[in-house]
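Please consult the sequence and structure shown below while reading.

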Amino acid sequence: MSRKVKSVRVPKELEHLNLSGVIRECEKFLRDIESATLLRVQGNKEAAEALLKARQSDLGRKVGRLVHEARVLHAKQHDQGSE
């Protein structure tokens, strides 16, 4: 699977967003969904649900951090340009 993003429109504040990092986190999440499915098939429903719940919050936190970092970088560059 190619990890390059060729064209995406994003707000100016997010032009420095690490899209490869976002995609990487989504790939990890998909692998965890597969693992949870296997756990459920094997009869361990509680473990499957715990894995998904933990991974969903982890994914949100990591993507949120990437968005925050992009906005901080944009703000720093914007402030430097106005001086």
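## Histidine 74

A polar contact is a pair of N or O atoms within 3.5 Å; within protein, one must be able to donate a hydrogen and the other to accept it, and residues adjacent in sequence count only if both atoms are side-chain atoms. In this predicted model, the side chain of histidine 74 reaches the backbone oxygen of lysine 12 at 3.4 Å.

Histidine 74 belongs to helix 2, residues 45-82. Leaving aside residues up to four places away in sequence, histidine 74 touches Lys12, Glu13, Glu15 and His16 (contact: heavy atoms within 4.5 Å).

## Helix 1 and its end

The chain holds 2 helices and 0 strands; helices (H or I, at least four residues) and strands (E, at least two) are DSSP runs, numbered from the N terminus. Helix 1, residues 19-41, has 23 residues and spans 33 Å from its first C-alpha to its last, close to the 33 Å expected at 1.5 Å a residue, where the expected span is 1.5 Å times one less than the number of residues.

Gly21, Val22, Glu25, Glu27, Phe29 and Ala36 are buried in helix 1; buried means under 20% relative accessible area, with a 1.4 Å probe and protein chains only. Just after helix 1, glycine 43 takes a positive phi of about 95°.

## The whole chain

Of the 83 residues in the chain, 18% are buried. Among contacts with a separation of 6 or more, 61% join residues 24 or more positions apart.

## Basis of the values

Residues are numbered from 1 along each chain as its sequence is written, and side-chain values use heavy atoms, with hydrogens and water left out. Local features need pLDDT of at least 70 and side-chain atom pairs count only at pLDDT 80 or more, while totals for chains, interfaces and linings use all residues.

Note on methods:
Buried means under 20% relative accessible area, exposed over 50%, partly exposed in between (1.4 Å probe, protein chains only).
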